[in-house]
Amino acid sequence: MREHAIKVLMAAYLALFGALLVDGIILPTYEVNVYGISYYLVHLATFFPLAVGFLICIWLIVHLGNLLPRGVQPLTTVRAAFFAIGILMAGVMLTPYTWNTFFNWAHMTLGAVLFLVQLGLSIWITLRFVHSGLNWAMIIIQFVGGLLAMFSLPDNGINVLMPGEVLFQFGFAILLIYSLSELLSTIPYRDEAPSTTPHPAMERATHDHQHRIGQHQACN
């Protein structure tokens with residue numbers, strides 16, 4: 001399960017970044033830094049490569065969410081986050097910002113919620129389960145990319161929206177691949193025999209929970 005999950009995640013983000021690379025070759029323009037990745041979705045020449053990349057990425061993320069073990073934290077939350085990410089990515093793709101004001105605001109809102117879900121998931125996994133320097137570095141990269149994207153929105157003065165979005169998604173992808181690799185290393189998948197050695201992240205979370213229960217009982 002672990003190796004399959006990592007391959008699926010890598011394929012999902014390779015499809016997304018690969019589509020961006022193809023569109024960059026087809027339509028090399030400074031305007032993409034002003035309007036972001038979505039600029040490629042409102043031009044016919046670049047719509048289909050990016051739409052294919054989006055759809056492959058969405059399908060693989062949702063597919064992986066269906067494969068993850070049920071009833072085991074943090075994977076239950078990761079499953080829900082994957083489904084939310086798939087829906088939000090589809091929403092971003094289906095709301096061309098050039099159509100009218102409503103679509104523009106819907107597009108920006110869906111994009112902002114997508115970033116918040118991804119950043120929130122990254123911080124939660126890192127604080128609770130996978131305490132690693134790599135994860136914290138990727139969270140910093142997400143913050144930097146998110147800030148660049150936020151300040152590149154219309155009328156905010158800088159035009160690095162595309163680099164900010166790509167930087168954010170890169171940080172999220174690396175964190176997710178590493179974290180799932182760690183979390184799935186000892187978690188049984190469906191009919192596999194359960195591991196006798198709990199993953200350190202799971203063990204720490206259980207210990208913290210038992211410690212809080214003990215403190216509560218002592219106070220009573």
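**Note on the helices of a predicted model**

1. In this predicted model, helix α1 buries A5, I6, V8, L9, A12, Y13, A15, L16, A19, L20 and D23. These buried residues pack against α3, α4, α5 and α7.

2. The length of α1 can be checked by counting. The helix has 25 residues, which at 1.5 Å a residue should span 36 Å, and the end C-alpha atoms of α1 are 36 Å apart, so the two values agree.

3. Two packed helices are described by the angle between their axes and the distance between the axes. For α1 (residues 2-26) and α3 (residues 44-67), the angle is about 170° and the axes lie 8 Å apart. An angle over 145° counts as roughly antiparallel, and α1 and α3 are therefore roughly antiparallel to each other. Sorted by class, their contact has 22 nonpolar residues, four polar ones and one charged one.

4. Helix α5 covers residues 101-128, 28 residues in total. From first C-alpha to last, α5 reaches 40 Å, close to the 40 Å expected at 1.5 Å a residue. At the start of α5, a side-chain oxygen of N100 comes to within 3.1 Å of the backbone nitrogen of F102.

5. Buried residues of α5 include F103, H107, G111, F115, Q118, S122 and T126. Among the elements that cover the buried part of α5 are α1, α4 (75-93), α6 (133-150) and α7 (161-183).

6. One peptide bond deserves a separate look. Most peptide bonds are trans. The bond from Q73 to P74 is cis, with omega near 5°. P74 sits in the loop between α3 and α4.

Technical notes:
Residues are numbered from 1 along each chain as its sequence is written. This is a predicted model: local features need pLDDT of at least 70, side-chain atom pairs count only at pLDDT 80 or more; totals for chains, interfaces and linings use all residues. Side-chain values use heavy atoms; hydrogens and water are left out. Axes are lines fitted to C-alpha atoms, for helices over the stretch in contact, and angles run from 0 to 180 degrees between N-to-C directions. Helices (H or I, at least four residues) and strands (E, at least two) are DSSP runs, numbered from the N terminus. Angles under 35 degrees count as roughly parallel, over 145 as roughly antiparallel, 65 to 115 as roughly perpendicular and the rest as oblique. Ala, Val, Leu, Ile, Met, Phe, Trp, Tyr, Cys and Pro count as nonpolar, Asp, Glu, Lys and Arg as charged, and the others, Gly among them, as polar. The expected span of a helix is 1.5 Å times one less than its number of residues. Buried means under 20% relative accessible area, exposed over 50%, partly exposed in between (1.4 Å probe, protein chains only). Contact means heavy atoms within 4.5 Å. A polar contact is a pair of N or O atoms within 3.5 Å; within protein, one must be able to donate a hydrogen and the other to accept it, and residues adjacent in sequence count only if both atoms are side-chain atoms.
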